Structure formats: structure tokens, C-alpha cells
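Look at the fold shown here and follow the chain by eye.

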Amino acid sequence: MSELLKQIATCIEFGKVNQASPYPPQMRGQEGADELTRKALEEGIAPAQILEEGLVSAMAVVGQKFSENKIFVPQMLLSAKAMNAAMVHLKKFFSSGEVTKKGTVIMGTVMGDLHDIGKNLCAMMIEGSGYEVIDLGVDVKPEQFAEKLKEHPGACIGVSALLTTTMVNIELVVKAVRAVDPACKVIVGGAPLNTDFAKKVGADFYGRDPQADIDYLHSLSA
């Protein structure tokens, strides 16, 4: 791996967004993921290589640290912010086909629920792992998931809920998307959910954290 890609990975792991960012203190004044990704492209490093060796590798480390309780949500959000700063420079290569996406994930918080921090964090982590993420936002009706799936055949569905009163609506989402594609994979997540609930409503997987979601997505194409 080139030194520049190592620097990008370090910036993402520790949440160094750009040169103006004061965080982390030990990297104050240094170039961040924003400037270094732009520099890597200018030096002719392939976008796909930047994605895999700079972003995906770093987010895998971040996800593992989070799973092991070595870092927490604030640090993860900073890493995701740095990753997004790098992705700004790479997204055009996704649309051009120069960088092949690993898959598409349609995500949203279930109908009746306006909480989005967990969903947003998962979306950023999944995108940083090489997937296209279509974020429908919050309070998403089952038919909205279904309609978007029609536009993106073969996509996976990611549904979150934080309120126990909205958990029941996840089953409606599962039924709606399976009516469009019986083989559609549905991932569910959120504090009150668990694996037993996922099985009960017919979902394929319960993601306890973003890294678990990513590992499951990777397993689908293994």
C-alpha cells in the first residue's frame, strides 16, 4: 500500500476530516481525508484502489473497534464524517462505472419513527465499505421501500426502529418488499430489536451494529 493511502486510512480511522479540522488533537494542522483523497486522484492512483485500501480497510478497523467496545458512537461518527469527505471525490467514479459497487442497500427508519442517528451511522459505514446506499430517511412507509426496490432490483433492504411502538411496522415492510421480490434480503436494526424478533417478522438478519451489517452484506456475495 502506498504511503498516501496509508495516510488516508489513518485519517479515516481517527476522524481527521480535513486540514481545518481540530480533531484529533495529535493531527491538528495536518491534511485530512478530504485533501489526501484529492491528492491521490491527482497522482493517478486508481479510484477503486483508494476506495479499497484507503476507505474500506479503515472502516473495517473502525467497525471492529466499535464491536469490541474500544471506541464509541462519537468516535465512529467522526470516522464516518472523514470517510464521507473522501467519498465526495470518489462518488463520480461510482456513477461512471469506473468503480464497481459491491451492491445496493435501501435504508430507512420505519413508519412512525423519527430516530435516525443509528440508521445514519450504519448508512455511512456501509457506503464506506463499497456499497451504494439509498437513504429514504425517517418515517418511511412500507410502500416507499417497495417502490424504491422496483427501481433498484436486487437491492437489500435495511430497516431500523428505536421505538417499541414502531417495531410492529417492520413486518409490514418485509411483506411489502417480498411482494416485489420474494428473494429480497431484509436487514433490521435498532436498540429494542434482536435476532428472535428478526426471525419473527421474516427478516433475514438482525444487525447489532454497523460492522455486523457489513459482514452480513459481504457474506451474500462470498
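A crossing of two helices is called left-handed if the near helix is turned anticlockwise from the far one by less than a right angle, and right-handed if clockwise. Helices (H or I, at least four residues) and strands (E, at least two) are DSSP runs, numbered from the N terminus. The model is predicted, and local features need pLDDT of at least 70, side-chain atom pairs count only at pLDDT 80 or more, while totals for chains, interfaces and linings use all residues. Residues are numbered from 1 along each chain as its sequence is written, and side-chain values use heavy atoms, with hydrogens and water left out.

Begin with helix 1 (residues 3-14) and helix 2 (residues 33-42), which pack at an angle of about 155° with their axes 9 Å apart. Axes are lines fitted to C-alpha atoms, for helices over the stretch in contact, and angles run from 0 to 180 degrees between N-to-C directions. Helix 1 is therefore roughly antiparallel to helix 2, a term for angles over 145 degrees. Their crossing is left-handed. Contact (heavy atoms within 4.5 Å) is made by residues including Leu4, Ile8 and Cys11 of helix 1 and Leu36 and Ala40 of helix 2.

Helix 1 also meets helix 3 (residues 47-67): the two axes come within 8 Å and cross at roughly 30°. This crossing is right-handed. Among the residues that meet are Leu5, Ala9 and Phe14 in helix 1 and Ile50, Gly54 and Val61 in helix 3.

Five strands form an open sheet in the order 2-1-3-4-5, with parallel pairing; two strands pair if DSSP finds at least two bridges between them. Strand 2 (132-135) and strand 5 (205-206) are the edge strands, each pairing on one side only.

Which residues of strand 3 are buried on each side? Cys156, Gly158 and Ser160 are buried on one side, and Ile157 and Val159 on the other. Buried means under 20% relative accessible area, with exposed over 50% and partly exposed in between (1.4 Å probe, protein chains only).

Strand 3 pairs with strand 1 (residues 104-109) over five bridges, and Met107 stands opposite Gly158. Strand 3 also pairs with strand 4 (residues 186-189), over four bridges. There Gly158 stands opposite Ile187. From strand 3 the chain crosses through helix 7 (residues 168-180) to strand 4 in a right-handed β-α-β crossover: with the strands pointing away from the viewer, the path from the first strand over the helix to the second runs clockwise.

How values were computed
Parallel < 35°, antiparallel > 145°, perpendicular 65-115°, else oblique.
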